[in-house]
Amino acid sequence: MADGTPRTPIVTEDAADRLYIIDARNRVERRILLDWIHATCGDREPEWASLSIADGDHALHLDTLKARLAGAPDRPVVPLRVAWRIPHFERDRALKLRHLIFGDPRQPGPLRSQFILWRDRRRAQILVGEAATQAALKTRFLAQTGGGDGGEEGGAEYAGFVARQAGLALDVAERGIRGSRYKVPRFVADGLRTSPKFRAALAELSETLGRPVGDLYREARPLMKEVIARPSALFLDLRAKLDRMMFGGYAPEMEADAAEIAKLRSILREHPTCILFTHKTYIDGATPSRLTYDNDMPMLHLFGGANLDFAVMGEFFRRSGMIFVRRSFQDQPVYKLVLRHYIAWLLAKRFPLSWAFEGTRSRLGKLMPPKYGLMKYVLDAAHATGTRDVHFVPFVTSFDLIRDVEEYAAEQTGRSKKPESLSWFLGYMKSLREPSGRIRLDIGEPVVIDEAPGPEDKRALEKIAFAVAVEANRVTPLTVTSVMCLILLGTAPRGVTATELLATITAVADWARARGIRLSKELESSDDAALSGTVDTLVASGLLRRYEAGSENVYSIDPAKHPMASYYRNIIAHHFLDRAMIELALFELRDADSKDSTAAFWAKVDRLRDLFKFEFFYPPRDEHRAALRAELERIDPVWDRRLASGDRGVAQLIRRCQPLVGHAILLPFAEAYSVVADLAARARPGDEIDEKALETAALVEGKQAYLLRRISSEAAIGKLLFANGVSLMRHMGMAGTATPDSLNARRALLMELRGLANVMESMRLATLALADRLPPSGG
């Protein structure tokens, strides 16, 4: 057992009939274990073999073990190890400078071990792993490896397998005293090399490439070293300490629901699991690992780009569980094979995986279209190995402030991204010390894959990724930052008084609460002190401006900060999308002469859906219409009769929509697209559209359009926005060679987008008129 008591009681007269495998890193540990064995066996001489199994970086010397394994098949093999207890260390895991200098206190060297024994022998605890007979081990060996290269019982592969099984049994026992957070994979490369499926895959690849299997093995060996993470307890503790340093500018405790944490613990224990997190910043990949570490759950294997494998930090992250993946490896079949089988091995052993399913950080705040690469490899691995019941768990981290947003805003205007390096990393870490508010974690319902689809089933892959994205969007909460940016961008350039701001925040929170949308703690509790604290943080950061010289505080956003504020607004934009479409369609109807208002309304909604299809995730059309009807029902129970009655009913519906949000959600996209359409409409017949050149030209033209106030905000100037505008034109068949017809279509699209912008300007004015009717503070 974990406390040193054997799982099967060892009777003294039977103890000598066992084979003891001693996992000892040095002579002091070997002497402790041998003393225990001799005390257990009495006068009879026991059989034992000493190996340094725990030190997985060195080859094992197996000659003694091979000789010992020639005994009777029914003889039990008992693994032993010393677990060094450090007072209070397991409780608070307080790593200190001396631990970095002298090494992991749980793995002391011989001198340090002897010193510990002199002070207190009770700190050397004997671990007895689960025993197994040699016959059972041989059966397990044949089942897992197919007998290895030679299949001989007394060979090196069999002895190595027995040693690894002993190490795994001891790891299980040690987790009983250390905790589940230290569950790490062991002997991965050996497990892959001896796997029949891996060998068969290499043999098949050998035939395909026309290369000898031996050459492929030699090529695979360094690739395993590159791909396979080598986590250890010390580096997991160091990584946890680094995570806490990364979050130094945030409140010490992350907000998370206890019931969601308990459910995640159960999923990780019982199912092969992948935690897929939304990617807003470099550090949001650390929030799932921090959550699992702090709550004593198994460590996550986090996938990271090879660009992060630099200098000292690359080795540090590899030793704390990160798997570095090359950005492109389509023409590297051996690398692909090694990665696939490594993933399959981790899934089979219940080691959870984690990655950003968007592939890269979102530069606009909205959830980006998922990248399929890693998900496809996980599903292919599950399909190839028959792994069932894979759970994909969406994980959303919400920050009051994100340090990367200023970088994103600059990138969208055309500035090049700085390459990652050690000096860059140190500078980034320094920036994280600035006060940044709170962090909230939200865990979605898992998307469960009972049986993985085949490698060629692209449709199934897309549906799974879409389901994860929809669930991630569902559990994304409204935060004070995102709601304030939504409100202030909607009224800009006019500011908002404290009274107006509080009234609008309350209205938005009530609206969200009625629809089951999650709220951050400050919004949910209506805690004025907490709300004020967050606002103070946003003002101190420069994101918000507060004018305090007048009779009432006035809040606004500097026009130069609109691109940054739009990022936070976009994080929650999907929650308001249905409402925005309804409002915009109603305002378009208000000024139109339509005989059938209901049909015209749904036609306008369908058109909006098509115009912004490259910005948002939509459910199927029928489901989307049902959601829109439900929203209309909340706005007005008799909406259908009002809509059918014509202009007067439309005006009544608009009054019931206050405060309006549609212009705050959709205006930047319409304005950005209009810049692209304007440039494309200036072409001459026969001109070819160079899409990249068009996007670059739009950056210059967009700045001019803002100065001329043809667009209302610099938030509409951005490379990704313009790229989506080009995608829309391509989707509509307007991006090819210019012809008279296509030029007319481009001009029509330009007029349509400018018309939408004008309608949204009237929506903004209606919102301001409502604000002007609010009583002043104290009135």
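What you're looking at is a predicted model, where local features need pLDDT of at least 70, side-chain atom pairs count only at pLDDT 80 or more, and totals for chains, interfaces and linings use all residues. Residues are numbered from 1 along each chain as its sequence is written, and side-chain values use heavy atoms, with hydrogens and water left out. Across the whole structure, a search turns up 61 salt bridges, while the number of disulfides is zero.

**Salt bridges**

- A salt bridge here is a side-chain nitrogen of Lys or Arg within 4 Å of a carboxyl oxygen of Asp or Glu.
- In general, side chains of opposite charge can pair when their charged atoms come close.
- Take Asp-404 and Arg-361, whose side chains meet in a salt bridge at 2.8 Å, N to O. The pair links distant parts of the chain, 43 residues apart: Asp-404 sits in the loop between β10 (388-399) and α18 (405-412), and Arg-361 in the loop between β9 and α17. Helices (H or I, at least four residues) and strands (E, at least two) are DSSP runs, numbered from the N terminus.
- Both Asp-404 and Arg-361 are buried. Buried means under 20% relative accessible area, exposed means over 50%, and partly exposed is in between (1.4 Å probe, protein chains only).
- Arg-625 and Asp-606 also meet through their side chains in a salt bridge (2.8 Å, N to O). Arg-625 belongs to helix α28 (residues 621-635) and Asp-606 to helix α27 (residues 597-611), so this pair ties together parts that are 19 residues apart in sequence.
- Arg-625 counts as partly exposed at 23% relative accessibility, and Asp-606 is partly exposed with a relative accessible area of 23%.
- Within helix α34 (residues 740-772) you'll find both Arg-764 and Glu-761, three residues apart, or about one turn of the helix. Their side chains form a salt bridge (2.8 Å, N to O).
- Arg-764 is buried at 13% relative accessible area, whereas Glu-761 is partly exposed at 30%.
- There's also a network: salt bridges that share partners join Asp-23, Arg-81, Asp-171, Glu-174, Arg-178 and Arg-186.

**A buried lysine**

- Look for Lys-366 in the loop between β9 (353-356) and α17 (373-385).
- Lys-366 is buried, because its relative accessible area is 10%.
- The side chain of Lys-366 reaches the backbone oxygen of Glu-615 at 3.0 Å.
- Leaving aside residues up to four places away in sequence, Lys-366 touches Glu-358, Asn-570, Glu-615, Phe-616 and Phe-669. Contact here means heavy atoms within 4.5 Å.

- Two strands count as paired if DSSP finds at least two bridges between them.
- β13 pairs with β15 (residues 554-556) in the antiparallel sense, over two bridges. Val-496 has Tyr-555 in β15 as its bridge partner.

**Cysteines**

- A disulfide is a pair of cysteine sulfur atoms within 2.5 Å, and the structure holds zero of them.
- Cys-41 is buried, with a relative accessible area of 2%.
- Cys-274 counts as buried too, at 0% relative accessibility.

Technical notes. Polar contact = N/O pair within 3.5 Å; in protein donor to acceptor, adjacent residues only side chain to side chain.
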